[in-house]
Amino acid sequence: MTTVTGLRGLHSGAGGDLVTQGDAGYDAARVMWNADVDRYPAAIVRCSSAQEVVASLRVAREAGLRVTVRGGGHGSSGAALGDGALVVDLGRMRDLTVDPERRTAWVGGGALLSDLDAGTAAHGLAVPTGAVSHTGLGGITLGGGMGWLTRRHGLTVDNLLGAEVVTADGLVRRVGPEADPDLFWALRGGGSGFGVVTRFELALHPIPPLVDMGMFFYDADRGMEVLRLARELMTDLPATLNMFVVSMNAPPEPFVPEEHRFAPGWAIIVTGFGAAEEHHAVAARLGAAEPLFSMVTPMPYPALQQMIDEGPSAPGVHCYDKACFLELPLSDTAIRTLADGVAGRGPLSLCLLYMLDGAYATVDDEATAFGGGRSPRLNAFIVGQTPSADGFEGQQTWARALHAALAPVALDGRYLNGVADPDDEDRRTAYGAKLDRLEMIRRAYDPEGLFAPR
Ligand SMILES: Cc1cc2nc3c(=O)[nH]c(=O)nc-3n(C[C@H](O)[C@H](O)[C@H](O)COP(=O)(O)OP(=O)(O)OC[C@H]3O[C@@H](n4cnc5c(N)ncnc54)[C@H](O)[C@@H]3O)c2cc1C
């Protein structure tokens, strides 16, 4: 095994900052969003360019080290931070170039959603991604990417036009529908381990200057009723609207009456990107159902993307998550299972339902490697969390139990970006027949397993 001194020698002149065990910044450099991830890489290289990534891969090969890649550091499984690996940290590669005429953007492989949202919204444009602005674009794109714009414009992967990728052989490739089409297919939802994506090219879509947002919070005891109401509203929800249903505790925000702060309950959040009347009609129905409190306001798109950045989303929680797809509209059994299954959810834990229909369901399942069928569905994120290691095991048990209870009504596929401990069965469930093609592509581009777990 290469010593720290040996590694420094190999890296000398390669570019990028190398942080190894024993360096003052080492512990800070290995912190991930999920505090439960506590791993010890051999070294972390902070790269600023594709050429520095190429050099880092050469160093790893010569040192006999596996490579893992860190984007925004939010992956709950911690796959970005391999024990004993050389971590290529892309946190300095966050540049954004928008072409408002073509409605496209090139963005660095280490960008956060906030980088993308701020830069594209300045042109009245956006790309569908996730709903928390400090999440990394890298991991979200490689896994799928679902959020407020998904009903309207699909997943992030459905909007990926091309990518600049450094593959295990050290080549910098421009990948797209015509160049390395197999690799391009794998990058659209097939997960990580195919190379280091140094830049993504994305399609952008017009957004209004202000998005309508309504948040309605209901008593925890009314789960069945709230889920039935959500089902009814989702059934003919206009295409310009989207809705999240969340079992959570009320945030300590100024708009929340003091007596309800931190109370457990069910939130329905509805957003509108079109005619205000359409949003008002749904908001009126939600308001008539006697929420404990509500807030309805227009807001700029970047503010919407930051709205749930704090509380359970803030970095440093201990997180264990599971995910499954459910039928849209929800079946009676799913409603009952969800309403009963959130008992035992701790104050920081969540169960979130994201709608996947509209534009999502118009994409051919074979067109991308994404691990979910394209029939209309909901993604259930079941997220067990605690502020420290205290009580974490209990929330892991809760997440596992709810996931198991939903198994009989779960649809094909699985969104692995919401799974903290994906195993072979999860991968088979996610990708089905696509798994063999993904493995073939992996072997073709990384025959020696530079990115493979060891
Ligand atoms: C608070 C929070 C909110 C979330 N909200 C949503 C949501 O609304 N919608 C949604 O779809 N998902 C959501 N997720 C899940 C999210 O999609 C995953 O956590 C995703 O992996 C995060 O990407 P990252 O780059 O931050 O993570 P990382 O941990 O850095 O990376 C995750 C994986 O991707 C690889 N990777 C990252 N960047 C690159 C790159 N440029 N090249 C090659 N490999 C790379 C890493 O090696 C690792 O295997 C959320 C997660 C959190 C923690």
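**Figure 1. Residue classes in the shell around the ligand.** In this predicted model, the shell around the ligand is made up of 21 polar, 12 nonpolar and one charged residues. A total of 34 residues surround the ligand, and the closest are Gly71, Gly72, Gly136, Gly138 and Gly139. Three elements each supply at least two residues of the shell: strand S3 (67–70), helix H5 (137–143) and strand S10 (196–203). The largest share, five residues, comes from H5.

**Figure 2. The open sheet that contains S3.** Four strands form an open sheet in the order S1-S2-S4-S3, and their pairing is mixed. Strand S1 (17–20) and S3 are the edge strands, each pairing on one side only. From one strand to the next, the twist averages 25°. Strands of a sheet pair through backbone hydrogen bonds, in either a parallel or an antiparallel way. Helix H3 (residues 50–63) lies across S2, S3 and S4 and runs at about 175° to S4.

**Figure 3. Strand S4 and its partners.** Strand S4 covers residues 86–89. Leu86 and Val88 point one way from S4, Val87 and Asp89 point the other way, and all are buried. Strand S2 (residues 43–46) pairs with S4 in the parallel sense over four bridges. S3 also runs parallel to S4, and four bridges join S3 to S4. Val87 in S4 is the bridge partner of Ile44. Val87 is also the bridge partner of Thr68. Asp89 in S4 stands opposite Arg46.

**Figure 4. Domain 1 and domain 3.** The domain assignment divides the protein into domain 1 (4–89), domain 2 (96–207 + 434–445) and domain 3 (211–422). Between the C-alpha centres of domain 1 and domain 3 the distance is 35 Å. Six residues from domain 1 and 12 residues from domain 3 take part in the contact. On the side of domain 1 that touches domain 3, two residues are nonpolar, three are polar and one is charged.

Figure 5. Helix H11 spans residues 332–341, and its buried residues are Ala334, Ile335, Leu338, Ala339 and Gly341. An α-helix has 3.6 residues a turn, so residues three or four places apart point the same way.

**Figure 6. Ala122 in its loop.** Ala122 sits in the loop between helix H4 (113–121) and strand S7 (125–126). Is Ala122 buried or exposed? Ala122 counts as exposed because there are 11 C-beta neighbours inside 10 Å, and a residue is called exposed if it has 12 or fewer. Val98 is 24 residues from Ala122 along the chain, and the C-alpha atoms of Val98 and Ala122 are separated by 9.7 Å.

Methods. Residues are numbered from 1 along each chain as its sequence is written. This is a predicted model: local features need pLDDT of at least 70, side-chain atom pairs count only at pLDDT 80 or more; totals for chains, interfaces and linings use all residues. A residue is near a molecule or strand if its C-beta atom, placed from the backbone, lies within 6 Å of it. Ala, Val, Leu, Ile, Met, Phe, Trp, Tyr, Cys and Pro count as nonpolar, Asp, Glu, Lys and Arg as charged, and the others, Gly among them, as polar. Domain bounds come from an automatic or database domain assignment. Two residues are in contact if their C-beta atoms, placed from the backbone, lie within 7 Å. A residue is buried if 20 or more other C-beta atoms lie within 10 Å of its own, exposed if 12 or fewer, and partly exposed in between; C-beta atoms are placed from the backbone. Two strands pair if DSSP finds at least two bridges between them. Axes are lines fitted to C-alpha atoms, for helices over the stretch in contact, and angles run from 0 to 180 degrees between N-to-C directions.
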